[in-house]
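Please open the structure in a viewer and keep the selection tool at hand.

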Amino acid sequence: MTKPRNPVQLGVVGAAHGIRGELRVKPFTDDPMALGRYGPLFTADGRALTVASVRPAKDVVIVRFGDVTDRDAAEALTGEALFVDRSVLPEELEEEEFYHADLVGLPVFDETQEEIGKVIAIHNFGASDILEIRPDAGPTLMVPFTREAVPKVDVAEGIVHLDSSAAGLDHQKPIDEDAHPDPKARPRGPKSAGGNR
């Protein structure tokens, strides 16, 4: 078994579960139980892990890997991203389904067709998917990956379309220093919460 040439992340390992080597895994698959359906999973450094069993739990799945037999071995995997090669995944996706790997690197445009930046990662901290966007200057932006905030993704064209208001990125107006503005009225930074796309 060789390291994937075109890796697609299917999940990330959380904490050890129990003393027999089971692990809590946050799956990125539409069907959480499909985690072991595509053959062995690979860590970022190329280690192959064969899924022996998967069972559902709240917000995660409990996974037993064939060669992980005790808690120490399980704890050594905490935080590892899990990948398969793109070639083992279905080519045809449902509408509004995207592989994370297809979105990374795409330019992001707002409703005025101004480029905001490029997608550098997709995160899920428990509530929903969040796009991380790197602008040409300044800090990265965290945008909820919802239909409202991201109304259109065109993978074939290679473009992500954003609604600035729904994404929490309303353009800040210049502040008139002589107007003594109310600090509470100043625009806030990007929001980082949202529903599932």
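A residue is called exposed if its relative accessible area is over 50%, buried if that area is under 20%, and partly exposed in between, using a 1.4 Å probe and protein chains only. This is a predicted model, in which local features need pLDDT of at least 70 and side-chain atom pairs count only at pLDDT 80 or more, while totals for chains, interfaces and linings use all residues. Residues are numbered from 1 along each chain as its sequence is written, and side-chain values use heavy atoms, with hydrogens and water left out.

**First stop: two loops**

Select Gln-113, in the loop between strand S8 and strand S9 (115–124). Strands are DSSP runs (E, at least two residues), numbered from the N terminus. Is Gln-113 buried or exposed? Gln-113 is exposed, with a relative accessible area of 51%. Its phi is near 70°, a positive value in a residue other than glycine. Most residues other than glycine have a negative phi.

Select Asp-59 next, in the loop between strand S5 (51–57) and strand S6. Asp-59 also has a positive phi, near 65°. Asp-59 is exposed, with a relative accessible area of 54%.

**Second stop: strand S1 and its partners**

Select strand S1 (7–17) and strand S2 (22–27). These strands pair in the antiparallel sense over 5 bridges; two strands count as paired if DSSP finds at least two bridges between them. Within this pair, Val-12 stands opposite Lys-26 of S2. The hairpin of S1 and S2 has 4 residues between the strands, and Gly-18 in that hairpin takes a positive phi near 80°.

Which residues have the most contacts inside the largest nonpolar core? They are Leu-23, Val-25, Leu-41 and Phe-65, in a core of 20 residues. A nonpolar core is a set of buried Ala, Val, Leu, Ile, Met, Phe, Trp, Tyr and Cys residues joined through side-chain atoms within 4.5 Å.

Centre the view on Val-25. Leaving aside residues up to four places away in sequence, Val-25 touches Val-12, Val-13, Gly-14, Leu-35, Val-60, Val-61, Val-63 and Leu-82, where contact means heavy atoms within 4.5 Å.

A second, separate core has 18 residues, including Val-119, Leu-141, Ala-167 and Leu-169.

Select the 6 strands of the open sheet, which lie in the order S11-S10-S9-S8-S13-S12 with mixed pairing. S11 and strand S12 (152–154) are the edge strands, each pairing on one side only. Neighbouring strands of this sheet are turned by 35° against each other on average, direction ignored; the axes are lines fitted to C-alpha atoms, and angles run from 0 to 180 degrees between N-to-C directions.

Within this sheet, select strand S10 (residues 129–134) and strand S11 (residues 141–144), which run antiparallel and are joined by 4 bridges. Leu-131 has Val-143 in S11 as its bridge partner. Their hairpin has 6 residues between the strands, and there Gly-138 takes a positive phi near 90°.

Finally, select strand S8 (residues 107–109) and strand S13 (residues 159–161), which pair in the parallel sense over 2 bridges. The bridge partner of Phe-109 in S13 is His-161.
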